[in-house]
Amino acid sequence: HANSRERSLLVTWLLGIMIFIDDYLNAIAISASMKKVTDRFGVSRSMLSYVVDSTAAPVCVIVPISTWAVFFAALLEESGAAASGEGLALYITAIPYMFYAWIAMLLVPLVVLGKVPLWGAMRRAEAAAAEGRLVLTPVAEIEEQSHDRSDLWAFLLPLIALIGFSWWFDIDLLKGVMLTLGLTIPYLIARNMITLRGALDACMDGFKMMMAPLAIVFCAFMFKTVNDQLGLSPYIIDAVMPLMTPLMLPLIVFLTMAAICFATGSSWGVFAIAIPIVMPLGEAMGVPAPLLIGALLSASSFGSHACFYSDSTALVAQSAGCGVMEHALSQLPYALLAGLLAGLAFVLVGL
């Protein structure tokens, strides 16, 4: 069914919505499975990366059975914002107010179908792809030289196994990957689709491919640790305290935490500091807790989506065969547009 440029991207978007357990799993699985399809129709890797990244963190945020929901539900309980065992229930009530995640996800088909124009780096990348100047990464070139023989289970088995094993081990992707390889490699060898040496070479190529994004993620964690020791998050929150009113509190929480997430590359850690401060303040001002949680989670998904060196951005870019900065700069205008619309939505809800 993905027999045109628009359809190939829409199928990518739908697959991103379907694989919602974890944003890492989403980024790696969807990019790897769809880049050959989109290459066939002259889609730039920047566009593919944007579509995949817009259904990674945003989708995981608004689906209550994901790693994001489990983590933040536990954080709400630990901070006292929710009673023991009620964290997930409170999280679910906030899903309609996670405006950034909804807008970022729904913006994708509008961009794909041309309802929202191409801007900046994305426009240049799509023009280059349309002119046949689509440059593949070395890993992608190796893939293009692989065997043509395949079957449906060669595609479905790794996905089903990775999701199933990861779920069985409480969303532990490392164990999921190891067991999936242990199941998939013998199947491919038995089907005469790859040799043992070829399988081992492919595993090594995968390790080498992931070194660059892992280095970026490692540096991002170091950066976050330094910021935590400097007290960046409490300082900014204290600085905007005088501006907080019941009307503007959701908007200020969204803008402040989005800025912190974008600057630090941390989509989870800063909220352990923010939630114990923001939630009691909102309760004192009479602002509904689901609205504040929606603002916090919107900021978190914006940080994961827009930050140049966030783990999600690095993984999506590498998996899709796109440069990290190329991906970040090409999708930034659309992330900012979604952020602007989300800010307006928080103002309207406040009114």
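## Salt bridges, a helix pair and a surface patch

Arg5 and Glu126 form a salt bridge whose closest N and O atoms are 2.4 Å apart (a salt bridge is a side-chain nitrogen of Lys or Arg within 4 Å of a carboxyl oxygen of Asp or Glu). This pair ties together distant parts of the chain, with Arg5 in helix 1 (residues 5–18) and Glu126 in helix 8 (residues 120–130), 121 residues apart. The model is predicted, so local features need pLDDT of at least 70 and side-chain atom pairs count only at pLDDT 80 or more, while totals for chains, interfaces and linings use all residues. Residues are numbered from 1 along each chain as its sequence is written, and side-chain values use heavy atoms, leaving out hydrogens and water.

**Overall picture**

- The protein has 18 helices and zero strands (DSSP runs numbered from the N terminus: H or I of at least four residues for helices, E of at least two for strands).
- Of the 351 residues in the protein, 48% are buried (buried means under 20% relative accessible area, exposed over 50%, and partly exposed in between, with a 1.4 Å probe and protein chains only).

**Salt bridges**

- The whole structure holds three salt bridges.
- Arg5 also pairs with Glu6, with closest N and O atoms 3.9 Å apart.
- Glu126 counts as buried at 7% relative accessibility, whereas Glu6 is partly exposed at 32%.
- Arg45 and Asp39 form a salt bridge too, their closest N and O atoms being 2.4 Å apart.
- Through shared partners, salt bridges join Arg5, Glu6 and Glu126 into one network.

**Helix 2 against helix 3**

- Helix 2 (residues 23–40) packs with helix 3 (residues 45–53) at an angle of about 145°, their axes 10 Å apart (axes are lines fitted to C-alpha atoms, for helices over the stretch in contact, and angles run from 0 to 180 degrees between N-to-C directions).
- The contact (heavy atoms within 4.5 Å) involves residues including Ile30, Met34 and Asp39 of helix 2 and Arg45, Leu48 and Val52 of helix 3.

**A nonpolar surface patch**

- Ile189, Leu196 and Leu200 make up a nonpolar surface patch with about 270 Å² of accessible area together (patch residues have over 30% relative accessible area and no salt bridge; like charges are joined within 9 Å, and nonpolar side chains, Val, Leu, Ile, Met, Phe, Trp and Tyr, within 5 Å).
- Leu200 sits in helix 12 (residues 196–230).

Terms used
Accessible areas come from the Shrake-Rupley method with a 1.4 Å probe; for residues, only the protein chains shown count as cover.
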